[in-house]
Amino acid sequence: EQATIDKSIAVLPFVNMSADTDNEYFSDGLSEELLNLLAKVDGLKVAARTSSFKFKGSEADIAEIGEQLNVATVLEGSVRKSGNQARITAQLIKVDDGFHLWSETYDRELDNIFEVQDEIATAIVEALKLPLLGHDAKPLASTSAENFAAYDLYLLGRHEARQYSEQSFKRANEYYLASLQNDPAFAPAYGGLADSYIYLADYGDLPQGEAQQLAREAVDKALSLDPDSPEAHAAMGVLLHNMSQYQAAGN
């Protein structure tokens, strides 16, 4: 049991240090992407986004966070974004004594944000490899997005979708469509699009039947582009739940 807990991490929401507070969507999105990358590492237990993100803006200390999330390490950081430049600082902390296992600062152009995400996640795995995972941790898979504009618009859509109102879901829908105009092969945007259709039926006046049909088309497209897309499978779960297929949604 102790060995299982030791090979564990929670990714806290990165703090937005940009002059423009509207850039918070970007720091949240980076945190989520790092979480998704680390979740692909065999042998590493990663706390769910809904669990780790509840500490956003919290003054809880690392020991308390680690105890509540049942993890041995915590990744925290900050993002300072200006135009097409970003300074990303990340640090990996041991819960039991508060000591840093690893820290790094990245100054990058955002055209290469996907490479930066992979680089940070790989560095974390390397920091964990010897004490926790041994020498055999497998390499990480890269993200599937082809350009920063598509990814940025997708993050804006995700940010709007968390506001839970008819207007915010309409804006999210527009951002996802704009993302796909920039990169028609970006599967996560199709997953977000499917979610937005379902919620526009719940929060707006889109008929349920039409919403389910549109969502199904978007999910099928996402899965055809990337059968392993977490966003696509999550959207399928939302759709099946909306269709009262609860057992299938749980699978």
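Predicted model: local features only at pLDDT ≥ 70, side-chain atom pairs only at ≥ 80, totals over all residues.
**The whole chain**

Begin with the protein chain coloured by secondary structure, which comes to 11 helices and 6 strands. Of its 251 residues, buried ones make up 48%. If you switch to a surface view, the chain exposes about 12,300 Å², of which carbon and sulfur atoms supply 47%. Among contacts between residues at least 6 apart in sequence, 60% join residues at least 24 apart.

**The nonpolar cores**

Next select Leu75, Ile88 and Trp102, the residues with the most contacts inside the largest nonpolar core, which has 65 residues. Helix 5, residues 113–133, gives the largest share of this core, with 10 residues. Now centre the view on isoleucine 88 and show its surroundings: leaving out residues up to four places away in sequence, isoleucine 88 touches Phe14, Leu30, Ser78, Val79, Glu104, Thr105, Tyr106, Ile113, Val116 and Ile120.

Move on to helix 7, residues 166–182, and select serine 179. Serine 179 counts as buried because its relative accessibility is 0%, and, neighbours within four places in sequence aside, serine 179 is in contact with Ala150, Leu153, Tyr154, Phe186 and Ala189. Then select alanine 178, also found in helix 7, which counts as partly exposed because its relative accessibility is 21%. A distance drawn from the C-alpha atom of alanine 178 to that of tyrosine 154, 24 residues apart along the chain, comes to 8.3 Å.

**The largest pocket**

To find the largest pocket, with a volume of about 700 Å³, select Glu32, Arg49, Arg158, Asp195 and Ala234, which lie nearest its centre among 24 lining residues. The elements that give two or more residues to this lining include helix 2 (24–39), helix 6 (148–161), helix 7 and helix 10 (230–242), while helix 8 gives the most, with 6 residues. Colouring the lining by residue type divides it into 12 nonpolar, 5 polar and 7 charged residues.

**The second largest pocket**

Finish at the second largest pocket, whose volume is about 310 Å³, by selecting Pro13, Val15, Phe55, Lys56 and Gly57, the nearest to its centre of the 18 residues that line it. Strand 2 (15–16), helix 2, helix 4 (62–69) and strand 4 (73–82) are the elements that give two or more residues to this lining, and helix 2 gives the most, with 3. By type, the lining residues of the second largest pocket divide into 8 nonpolar, 6 polar and 4 charged.

Conventions:
Residues numbered from 1 in each chain as written. Heavy atoms only, no water. Helix = DSSP H or I, 4+ residues; strand = E, 2+ residues; numbered from the N terminus. Buried < 20%, exposed > 50% of the residue type's maximum accessible area, 1.4 Å probe, protein only. Contact = heavy atoms within 4.5 Å. Core = buried A, V, L, I, M, F, W, Y, C linked by side-chain atoms within 4.5 Å. Areas by Shrake-Rupley, 256 points an atom, 1.4 Å probe, with all protein chains shown as cover. 1 Å grid on protein atoms, 1.4 Å probe; cavity = no way out; pocket = protein on both sides within 12 Å on 5 of 7 lines; lining within 4 Å. Points joined across faces, edges and corners; volume = space filled by probe spheres on them. Nonpolar A, V, L, I, M, F, W, Y, C, P; charged D, E, K, R; others polar.
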